[in-house]
Amino acid sequence: MSERHGWRRVFRQAAWEGETMLDRFVAYNARMTGDEVAFGSLSRKRSYALLEATVSRLAHALEGLRSLNLCRVAVQCPDTWRHWALTLALGRLGLVSASLSNGDVSEEELATLRPDLIILHGPGGLLPGEGRLALGEDWFSRALANVEDDDASCYYPPVPVERSAPCRAALASGTGREPHLLELSFGEVEEQLHRIIYHDMVEYFTRMGRGQSRMVGKPQLLCTVGPQSLSGFLMMGAALAGGTTLRSSDAQNIGTEVMQAPALMIVMTPVHLRHLLRALPPQGRPMSHIYLSIVGGRLSDSLLKETTERFTPHVQVVYGTDESGLVAAMPADQRRSEDDVGAPLPWVDVEIVDAGGNRVPAGEVGEIRIRGGGVVRGYVDDNPAAEQRFRDGWFYPGDRGFMSARGGLHLRGRMDALVNAGGAKFDLEVVEDILRSETRIRDVGVFMMTDGQGQERFYAAIVSHESFDEQALSARLRKRYPALPPVVMIWVPEIPRTQEGHVDRRRLEATLKDYIQRGLHRGQA
């Protein structure tokens, strides 16, 4: 063998004894259908064969990390292809991986995730420093020189690990104000992938049976929920495990991407959907090759109507969390109300309970709790408040809802979005929906805070570049909540959101605190 090939070991059957799960699926797809596209976009396509060869090379180049006894390795890389290649290479080495969002990452998030090493590649984001490995273009050029010519019989074999060994780490912040650390073992990741693939298969054949699917060939996946969240990682991982194509796009080109793609499954939050609809031609017509799943928030009837008229008739609503995985899903055109998310999936139990933890009758609103397959064991941190989310074998996601007499789950907002003012209760998410009904408002986040005079008031952070009738908007609010106090409006460039798509009220409060205390705001509804 040449020196360049001298590191390689024969890829023998024993390599499959390891439980490096997702990496193993990708290797299988490379062997069976290597020419199929693994990653695609408007500008480039890369096959499963090239993905497997690239993962093998990167595993060799990073092999020295195994001797460092690293507990957790995080990756920050804006390029989707290289991000996943690095992640899969870490899995091949038996190391625990995590993904960081592109751009700034808070000290609080890093302190909770506690990575022993951060691999950096690409512009922006974190700066090089202690505990950070910056990989430049020269490094990739050397590591991947002539990679397309590699012989599959000599790929770097997976490092054998136990199914119970940790595999994937991520932060979850959708259930409260503080980020918490989640960690899944190799076996748990594999089980979650199987559940997602099962759900996608049932949903596909259901549409076929109802005559709603004209899908020809294998669908591709465009997921706007990033791999830094556990849900995003698992949804994209399930696509790779199933041998489909992961598509990527930036905000500027997503409209063109979805219009030119073949059969395409899209997973996005309602916030991302609004941005996508604005990127489409104003007189756009629904496209039958698009299959849309909405996660991370309630899909309003008005947004659904616009979606089916201008984008696609195939819309599914999905409920789940990073901590519980998929919980419920249903076609949007079959729901009885906009809070309906369908019957719980077979592997989970869902109950609605009162403040004392007692089950409430069908139709009565209470707190949702979940147990069963897919629910994580708990958070991997020492925050005492985290224990309140996992009690007596149940996970409490912080959502309100009710079960119908037919067994369907209905969501009624977040527990922390229900506030009390002057003896009356108001749902901040409902207030946001009413404000958002003004078409000139692009986005909004509502919160309560004490002003400079010590009075607790309602504030609405507004994203809008146009003027609108504030009095008319106030009338809409009072029609729904006659006792609602005045809502002070503050114009902002964007609304901060959690990974799950919820308004990050804590960040809003922190950002606008000084502004409010000095009384610089204007306008109210």
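Author: A patch, as the word is used here, is made of residues with over 30% relative accessible area and no salt bridge, and nonpolar side chains are joined within 5 Å. In this predicted model, Tyr198, Met201, Val202 and Phe205 make a nonpolar surface patch of about 370 Å². Met201 belongs to helix α6, which covers residues 186-209, and its relative accessible area is 43%, so Met201 counts as partly exposed. An α-helix has 3.6 residues a turn, so residues three or four places apart point the same way.

Turning to the buried parts, Gln220 lies in strand β9, residues 220-223, and counts as buried because its relative accessibility is 13%, under the 20% cut-off. The side chain of Gln220 makes a polar contact with that of Arg247 at 2.7 Å, and beyond four places in sequence Gln220 also touches residues including Thr244, Thr245, Pro262 and Leu264.

In helix α9, residues 270-279, the buried residues are Pro270, Val271, Leu273, Arg274, Leu276 and Leu277. Their cover includes the helices α8 (254-260), α10 (301-310) and α11 (428-436), together with the strands β11 (264-268), β12 (290-294) and β24 (443-450).

As for confidence, the mean pLDDT of the protein chain is 87, with 91% of its residues at 70 or more, whereas pLDDT stays under 50 over residues 1-19, for which the model has 43 contacts beyond four places in sequence. Where pLDDT is low, the predicted coordinates should not be read in detail.

Conventions:
Residues numbered from 1 in each chain as written. Predicted model: local features only at pLDDT ≥ 70, side-chain atom pairs only at ≥ 80, totals over all residues. Heavy atoms only, no water. Buried < 20%, exposed > 50% of the residue type's maximum accessible area, 1.4 Å probe, protein only. Helix = DSSP H or I, 4+ residues; strand = E, 2+ residues; numbered from the N terminus. Contact = heavy atoms within 4.5 Å. pLDDT = per-residue confidence, 0-100. Polar contact = N/O pair within 3.5 Å; in protein donor to acceptor, adjacent residues only side chain to side chain. Patch = residues over 30% accessible without salt bridge, like charges linked within 9 Å, V, L, I, M, F, W, Y side chains within 5 Å. Areas by Shrake-Rupley, 256 points an atom, 1.4 Å probe, with all protein chains shown as cover. Salt bridge = Lys/Arg side-chain N within 4 Å of Asp/Glu carboxyl O.
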